[in-house]
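Here is a short briefing on selected local features. It covers helix faces, a helix pair and some backbone details.

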Amino acid sequence: MTQQSRPAGGDARRINLVLGDPSPLMLSAMSEAFLRDPRFSLVATVSSAETFLSTAMRVPVDVGVVDWGLPVLGAQRLLEILRDHPSAPRLVIYSEERQGAVPRRALAAGAAGFCCRSGQVEQLLETAASVAAGRMVFPFLDVRELQQDLTFQLTRREQALLEALAQGKSNKELAQDFAISVNTVKFHLSNLFEKLAVRNRAQAIAYYFSARLDLSRPAAGAGLGSSGGPA
């Protein structure tokens, strides 16, 4: 259920925020912290990815702070859906796993920040504020290492196109899915191939699955990472 909580008068300088967690206790604790901070305006609290999507599509939201295991879709799928919308909020993901696959998968899916669930409340507040200011915050990752993955050079549309391509879809099916012409599909694929330094769709698909496999492995030197990254 969505809980509306906007301050009277609505200060436009505040960061419009939505919190997402399946635990009412966690939502209550986070809500108190963000309501005390004058930088934020808490728009809603939600317990599912579907409700988050519905809220973000109805009202202006700058930042979402959500649990990686948010039901039913999960945070990863939520990120993949939102990154196709230019006005979508930027997301901060939190999880018990501060190192390894989850932060890397969150970054690859389009998250703008990551926090450990057991970390300090102040760190979560500062991460959300930094993300709202346009920064990437992944303190447990070496983002420079991940940027060697050429898929980070792709636009959101090109990333979505590559994912669809990896599902074995034809140019005609891609055109239908993205509501563009077949010639436009060919144009986007040509740009995509050039950025990935591949010659054809088979090589692009192979690169896609290779990159996903790398992201599922523990990061070298995890825990020594930095904040910062692609905008």
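A residue counts as exposed when its relative accessible area is over 50%, and as buried when that area is under 20%. Ala179 has a relative accessible area of 69%, so Ala179 is exposed. The model is predicted.

**Helix α8 and what follows**
- Helix α8 spans residues 171–178, and its buried residues include Asn171, Leu174, Ala175 and Phe178.
- Down the axis of α8, the buried residues fall within an arc of 100°, so they line one face of the helix.
- Exposed Lys172 and Gln176 sit on the face turned away from that buried side.
- Ala179 follows α8 and lies in the loop between α8 and α9 (182–196).
- Its phi is near 55°, a positive value in a residue other than glycine.

**Helix pair α3 and α4**
- The axes of α3 (residues 75–82) and α4 (residues 101–109) come within 9 Å and cross at roughly 20°.
- Angles under 35 degrees count as roughly parallel. The two helices, α3 and α4, are therefore roughly parallel to each other.
- The crossing of α3 past α4 is right-handed.
- Gln76, Leu79 and Glu80 of α3 meet Arg105, Ala106 and Ala109 of α4.
- By class, this contact has three nonpolar, one polar and two charged residues.

**Other backbone details**
- The peptide bond from Pro71 to Val72 is cis, with omega near -5°.
- Val72 belongs to the loop between β4 (63–67) and α3.
- Ala197 is not a glycine, yet has a positive phi of about 60°.
- Ala197 lies in the loop between α9 and α10 (201–215).
- With 64% relative accessibility, Ala197 counts as exposed.

Note on methods. Residues are numbered from 1 along each chain as its sequence is written. This is a predicted model: local features need pLDDT of at least 70, side-chain atom pairs count only at pLDDT 80 or more; totals for chains, interfaces and linings use all residues. Side-chain values use heavy atoms; hydrogens and water are left out. Buried means under 20% relative accessible area, exposed over 50%, partly exposed in between (1.4 Å probe, protein chains only). Helices (H or I, at least four residues) and strands (E, at least two) are DSSP runs, numbered from the N terminus. The arc is that of the directions from the helix axis to the C-beta atoms. Axes are lines fitted to C-alpha atoms, for helices over the stretch in contact, and angles run from 0 to 180 degrees between N-to-C directions. Angles under 35 degrees count as roughly parallel, over 145 as roughly antiparallel, 65 to 115 as roughly perpendicular and the rest as oblique. A crossing is left-handed if the near helix is turned anticlockwise from the far one by less than a right angle, and right-handed if clockwise. Contact means heavy atoms within 4.5 Å. Ala, Val, Leu, Ile, Met, Phe, Trp, Tyr, Cys and Pro count as nonpolar, Asp, Glu, Lys and Arg as charged, and the others, Gly among them, as polar.
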